[in-house]
Each structure stands twice: as structure tokens, then as C-alpha cells.
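User: I would like to learn how to read helix packing, sheets and a ligand shell in a model. Please take the features in turn.

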Amino acid sequence: MAQQSVITKNRNVPLDKIRNVGIIAHIDSGKTTTTERFLFYTGRTYKIGDIDEGNTQMDWMPQERERGITIMSAATTTFWKGVRINIIDTPGHVDFTAEVERSLRVLDGGVVIFDAEEGVQSQSETVWRQADKYRVPRICFINKMDKLGADFEATVGEIRDRLGAHPVIMTYPIGKEQEFRGVIDLLTMEAKYWEKDPQGIEFVTSKEIPADLQETVAKARAKLIEQIAETDDKLLDKYLNGNEISVDELKKTLRAAVIAYKLIPVYCGTSLRNKAVQPVLDAVVDYLPSPLDLKEISGQDPKTGEVVKRKLTPEEKFSALAFKIQLDPHVGKLTYTRVYSGVLESGSYVYNVNRDRQERVSRVLLMHANNREEIDKATPETLSLWSVQKTLARVIPWPINPLPLSWKKLLFRNRSFLWQSNRRRRPIRKNYLIPCKDWPKKTRLSKSKLITRPVRRLCLVWASFIWKFSSTG
Ligand SMILES: Nc1nc2c(ncn2[C@@H]2O[C@H](COP(=O)(O)OP(=O)(O)OP(=O)(O)O)[C@@H](O)[C@H]2O)c(=O)[nH]1
Ligand SMILES: [Mg+2]
């Protein structure tokens, strides 16, 4: 496994230098591969984790490594250009779509990855709609530019037509498939080549644009400036009057447009071949929102029923959303939380709104996939975990400032899963995460048995179990 280098303990970062992002997409588009590159280029790991060799940081479960797929979303933290990036790598398989949705609820921004050959696929559409639902600003990365049949422009077209988005091309590919060499940054009009260093750390920047691309790139840049200018009246005036617009002005306006869900910056590259991944990290820093851009959250006071608003700062009273519970054989029950305001200290008590009771926060942990780093407290800067000791809950007096967040419970209707459970008997618990196609043949039910009453009853019980289980998530 790749080694970690950065110690995140005691690194205080101002709120505007925080990005909470999720990597979302269809299965096999390269989310984990790209996340591993993020960790490597930011210095978080010494060695590039490879999906195909089963030595990734983010896919740490043996089942994930065996199958080369992500089953559980994994969180990590890294630093790029002085900005702390909290990342959640999500699974792409339709059966784990609940994992994506519960992560999206607590994220401030998303990096959506597309396969340059496949374009926009079904699950990409699903996660896109989920991100729309939770109002998550996004950037896109068209990955696998090295793959046979890779088509950058067709994929951008599909983002526009199938997803109804407003993509803006930020980097234009130099070559494709085997010939993919790098990208042209349309803002600065620089060509960047990843050719010499196989790990892609070093790249060559040149002001000279390849002759065959000059015309296309000039058109693409003009379109980019027009698209950005259209989102801001002042800039549009300047543009229409024929005045020069600086790169800084363009970046600032684009950032505002991305946060306002008006534009989606699009990048391209190939994570597997270690080419053009750094511009995506730059885009996370430059265009995705910090917690300060979200302004405030609102909730209901449990006693008075009044709507309460809190700013997303450590100075405010505490409020957080527990978005996932995980059972760890060594530590016990872990609760993934997003702290929105205030401070969560180890040894303190918090009010659990769902259960209407207090919970003791025995330890606060910062997660790096399955590695835990113990910290004293969690603030809005950390996507953290705390472990709960339920036994102590009843004897402690109520905290003074509870704030139940006014979000709805998640209800998952995972059709494919229900349909599959109609066909086959429920696997035993330890096999729960095994894809249905791999369940032993013996457990399959014949078509004639499917229509019998006991089976239908069993399906209903199973469906209600899933419903109950996922709505508590
Ligand atoms: N040719 C090519 N293959 C890639 C690239 N990036 C990833 N892959 C391959 O695509 C496959 C899937 O990669 P993952 O990173 O596991 O994809 P994922 O989106 O995380 O998959 P799930 O988490 O299971 O949804 C692996 O075999 C990778 O080696 C790329 O840039 N080019
Ligand atoms: Mg993955």
C-alpha cells in the first residue's frame, strides 16, 4: 500500500481555504484512479495506488481490491497550494447509489468524471441529478483520453445535451488515444505536455500552440470568454465594448458562476497514464466553493420549533450532520459527520435529534480511507468521524444549544436492488456486499417459484427492510 506522508494534525487552515469535494460518476470511469493521483500529486502518498494491482488507498476493503470496484465511499484529506481538500471517493455501481447520495448531502462541491470513450453513461446521469437535488456545484473531468475511441468534443456535447448543463471547456486536448500528449489551457493559452516523467509530476509548459490546433483553440477561447462574460453584467459590458479582460477577472467571474450553478468547467486528461490531472486539482481550488461560500444553514429549535440560522464558523454554536454509520471491529461504531458550525470535542456530549437523546463523543477521528488519525476536536474545517458510546447517553444532562438540521430523511428506491432481491434469496450477512451475479447458483429461484405467495411475501419483507434500513442512513 502506498505510504502516507502528510500529517494533518494541528494544521489550522482558514475556512476560505477548505474544499469539501466528492468524486462522482458512472462505474469504472476512473474515480478511484483519479483520487489516487490527487493523493500522489499533493504529496499525501509516496507511491501511486493502482486499481488493477489492488494497492489503492481509497479502495481498502478486501472485497473492493479483489473486484477492482468501489463499494463504500471513503474519505480523505490532502493539501494543494495551501488549500485543504477533504475528498470523498464514491462508488459508481448502481447498487451503491445510496452511498453517493448520503455523501452528496454533506459535500460543497463535486468532481464528475467521464470516460472519454463512453461519454455520459446512465449512472453519471443519476449522480448528476442527485447533485442537482443537493445543489452541489461541479467541475467535470473527461478521463481516459488515452483510450481507443476517446472523443472529447462528443463527451462535452453529451454533457450539454443529456445532462442539460452549461459546460465551459477549460483545457483542450493535444492529441488523443495513444497520441494524447497534454492539454492547452484556454485561459492562459499555454500548452502543457506530460511526456517525459512517467509519474506525471513534471510537465513542460510552452507558449507555443501546435499549428494544427491554433484555429480550433482560438475559437474555443473566444467561446469560453463569451460564456463567462454572459454570467456577469459588468464583464459583459466590457466584452461587448471590445475591452481586454484579464485572466484574473475571468477566473473570479467563473468562480462565482460555478458556485451559482450557472457554468460547469470541463477538463480532460488520463489518470491512468498520469497526464493532465494537476489542472483538475487547480480547478478544485479555484472554482469549487469553500464553506464560507455557503453562508449559513438553518434548522429548527426542538423546544420552541423556531427556525434557527447558524453561520458556518467554529465560533457559532455546534451543529453537524451525521451522514453515515460504520461498524469497525476495532473501534466500534463510527459516525461520519459533517460539522457545519461550532466545535465537536472528544469527551463532549451532543444531542442526537433523530433519537431525541444525548450521545457521548468518546473520540474524534480524522479518516484517511480506513486509517484513523486521532484529533482533539472537529470544526467546520474537517470532515471527521466520532465514535459514540451509547451506554453513557442517558445519564448526562441535555446540552444547551441543540440544533436539529431541517433536512429530510433520505429515502432510497434502488430499483435494481429490489428487482434482484425478487429473483434470488437474500444472501447471508457476510455475503451482503457480493454482487448478485456472484451469489451461489443454488440460491437462485426458478421462474415458476417466483410467482408463489411465500416468495412474494418474502420480497415484501425484504423490501420493507431495505426501506427502513436506508431511511435511517
Ligand atoms: N485507459 C485508461 N484506463 C483507466 C484510466 N483511468 C482509470 N482506468 C481504468 O479504469 C478501470 C476503473 O478504474 P477505477 O478508478 O476503479 O474506476 P472507478 O470509477 O473508481 O470505479 P468504481 O468505483 O467501481 O465505480 C481500472 O481498470 C483503471 O485502470 C485512464 O485514464 N485510461
Ligand atoms: Mg472507485
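**Reading helices, sheets and a ligand shell**

Analyst: Helix H3 passes helix H4 in a right-handed crossing; a crossing is right-handed if the near helix is turned clockwise from the far one by less than a right angle, and left-handed if anticlockwise. This is a predicted model, in which local features need pLDDT of at least 70, side-chain atom pairs count only at pLDDT 80 or more, and totals for chains, interfaces and linings use all residues. Residues are numbered from 1 along each chain as its sequence is written, while chains are lettered from A and ligands numbered from 1 in the order in which they are written.

User: At what angle do the axes of H3 and H4 cross?

Analyst: Two packed helices are described by the angle between their axes and the distance between the axes. Here H3 (residues 97-104) and H4 (residues 122-133) have axes that come within 10 Å and cross at roughly 25°. H3 is therefore roughly parallel to H4. Angles under 35 degrees count as roughly parallel, over 145 as roughly antiparallel, 65 to 115 as roughly perpendicular and the rest as oblique. Axes are lines fitted to C-alpha atoms, for helices over the stretch in contact, and angles run from 0 to 180 degrees between N-to-C directions. Helices (H or I, at least four residues) and strands (E, at least two) are DSSP runs, numbered from the N terminus.

User: Which residues in H3 and H4 meet?

Analyst: Thr 97, Val 100, Glu 101 and Leu 104 in H3 meet Thr 126, Val 127, Gln 130 and Ala 131 in H4; two residues are in contact if their C-beta atoms, placed from the backbone, lie within 7 Å. The residues of this contact divide into four nonpolar, three polar and one charged. Ala, Val, Leu, Ile, Met, Phe, Trp, Tyr, Cys and Pro count as nonpolar, Asp, Glu, Lys and Arg as charged, and the others, Gly among them, as polar.

User: What is the order of the open sheet of seven strands?

Analyst: In a regular strand the side chains alternate between the two faces of the sheet. The order in this sheet is S2-S3-S1-S4-S5-S11-S6, with mixed pairing; two strands pair if DSSP finds at least two bridges between them. S2 (74-80) and S6 (167-169) stand at the edges, each with a single partner strand, so one side of each has no neighbour in the sheet. Direction ignored, neighbouring strands of this sheet are turned by 30° against each other on average. S2 pairs with S3 (residues 83-89) in the antiparallel sense over seven bridges, and Thr 76 stands opposite Ile 87 in S3.

User: How many residues lie between the strands in the hairpin of S17 and S18?

Analyst: Four residues lie between S17 and S18, and Asp 356 in the turn has a positive phi of about 55°. S17 (residues 349-352) and S18 (residues 357-368) run antiparallel, joined by four bridges. The hairpin of S18 and S19 has two residues between the strands, with Ala 369 at a positive phi near 55°. Five bridges join S18 to S19 (residues 371-375), and the partner of Val 364 in S19 is Ile 375.

User: Which residues around ligand 1 come nearest?

Analyst: Of the 24 residues around ligand 1, Gly 30, Ile 69, Thr 70, Gly 92 and Leu 272 come nearest; a residue is near a molecule if its C-beta atom, placed from the backbone, lies within 6 Å of it. Helix H1 (residues 31-41) gives the most to this shell, with three residues. By class, the shell has six nonpolar, 11 polar and seven charged residues.
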